[in-house]
Amino acid sequence: MKVLATRRYPGPAFDELGDVAVGPLQPRDDVEALLVANEPVDASEFPALRLVANFGVGYDRIGVEALTERGIAVTNTPGVLDAATADLTWALILAARRRVVEGDARVRAGEWTGSWADGFLAEELSGSTLGIVGLGRIGSAVARRAEGFELRVLSTRRSGGMALDELLAESDIVTIHAPLTAETQGLLDARRLSLLRDGACLVNTARGEIVDEDALVRELVAGRIRAGVDVFAHEPHVPDALVSLPNVVLTPHLGSATRQTREAMTRIVVDNVLAYERGEALLTPVET
Ligand code: 8YV
């Protein structure tokens, strides 16, 4: 198959594809398989296209329905990034809750000039309540890690679980692990964000669009809550207002960014392409 990849995806498996074109999604008649990282695909620009293999579990930007209608198969990389994303979630929970980045900045600025025995206090982690919005594969990995920190865990899930409003009002820390869909877009709107407890901590390693970003900025500017944010509504744009705030920790969409996980993602992407070429069943097809 003639393959176009939007970048050289990490790890040795990539080389098994042989002669791959690497570059942006520009119209081409010959391309039969696209390797993308959630970039929108316009099938009319690739008349020979038969397969889109996404490097990532979330495929919200690709336009899966339009592709499926044209008989183009789509695959993703579920499972292999659960641990890495759960670990980054905990890094953000710990950093935001214990003011780690703020402390680092104060040390670097030469502002640590005496004992802070009487200041720079944060809220204890152990004994607090963690609310997981979306108890799927990644949410469950976050929940397993919560046991070690002795947290009480609440959760919502696609079907079942508790009501979201109740979870928001009862949690000290809220972390989002839902896919971006029509139902979850703007799920944490201004009203729901206002339900968060004073001093609560909100962490998002899922998708920026699940939270009303302007409303989140307002809550953070008001200093009412803390946050750890890995994903944004218009990546790589980060709202200016967030950059100078001490009560938010910002990372550049790093959830799956460990060498081991990214290489495992490439392995799945490549195995899907090879399976398609051999006429075998796809490993991880996206079903619509
Ligand atoms: C990205 C992700 O795909 O899996 C997902 O849904 O968002 C990530 O793994 C990855 O960061 C490459 O952009």
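Visitor: Where is T205 found?

Guide: T205 is found in the loop between β9 (201-204) and α7. Helices (H or I, at least four residues) and strands (E, at least two) are DSSP runs, numbered from the N terminus. The model is predicted, so local features need pLDDT of at least 70 and side-chain atom pairs pLDDT 80 or more, whereas totals for chains, interfaces and linings use all residues. Residues are numbered from 1 along each chain as its sequence is written, and side-chain values use heavy atoms, with hydrogens and water left out.

Visitor: Why is T205 called buried?

Guide: Buried means under 20% relative accessible area, exposed means over 50%, and partly exposed lies in between (1.4 Å probe, protein chains only). T205 has a relative accessibility of 9%, and therefore counts as buried. T89, in helix α2 (residues 82-97), has a relative accessible area of 0% and so is buried too.

Visitor: What makes the pair T205 and T89 a polar contact?

Guide: A polar contact is a pair of N or O atoms within 3.5 Å; within protein, one must be able to donate a hydrogen and the other to accept it, and residues adjacent in sequence count only if both atoms are side-chain atoms. The side chains of T205 and T89 are joined at 3.1 Å, so the pair meets that limit.

Visitor: Which residues does T205 touch, not counting residues up to four places away in sequence?

Guide: Contact means heavy atoms within 4.5 Å. On that basis T205 touches T85, L88, T89, L92, I176, H177, D230 and V231. With the same exclusion of sequence neighbours, T89 is in contact with V142, T175, H177, V203 and T205. The C-alpha atoms of T205 and V229 are separated by 6.6 Å, although these residues are 24 apart along the chain.

Visitor: Which residues of helix α4 are buried, and what covers them?

Guide: In α4 (residues 137-148), the buried residues are I138, G139, A141, V142, A143 and A146. Their cover includes α2, β6 (129-133), β7 (152-156) and β8.

Visitor: What makes a set of residues a nonpolar core?

Guide: A nonpolar core is a set of buried Ala, Val, Leu, Ile, Met, Phe, Trp, Tyr and Cys residues joined through side-chain atoms within 4.5 Å. The largest such core has 30 residues, of which L167, L188, L193, L196, L202, L216 and L220 touch the most other members. At least two residues each come from α5 (164-170), β8 (173-176), α7 (213-221) and β10 (226-229), and α7 gives the most, with 4.

Visitor: How many residues of each class does the shell around the ligand have?

Guide: A residue is near a molecule if one of its heavy atoms lies within 4 Å of it. The residues around the ligand are A37, F55, G56, V57, G58, L81, R207, H253, S256, R262 and M265. Ala, Val, Leu, Ile, Met, Phe, Trp, Tyr, Cys and Pro count as nonpolar, Asp, Glu, Lys and Arg as charged, and the others, Gly among them, as polar. The shell accordingly has 5 nonpolar, 4 polar and 2 charged residues.

Visitor: Is H253 buried, exposed or partly exposed, and what is its phi?

Guide: H253 has a relative accessible area of 31% and is therefore partly exposed. Its phi is near 50°, a positive value in a residue other than glycine. Most residues other than glycine have a negative phi, and most peptide bonds are trans. R99 also has a positive phi, near 60°, but R99 counts as buried at 16% relative accessibility.

Visitor: What makes the peptide bond between E235 and P236 cis?

Guide: Omega of the bond joining E235 and P236 is about 5°. P236 has its place in the loop between β10 and α8 (240-243).
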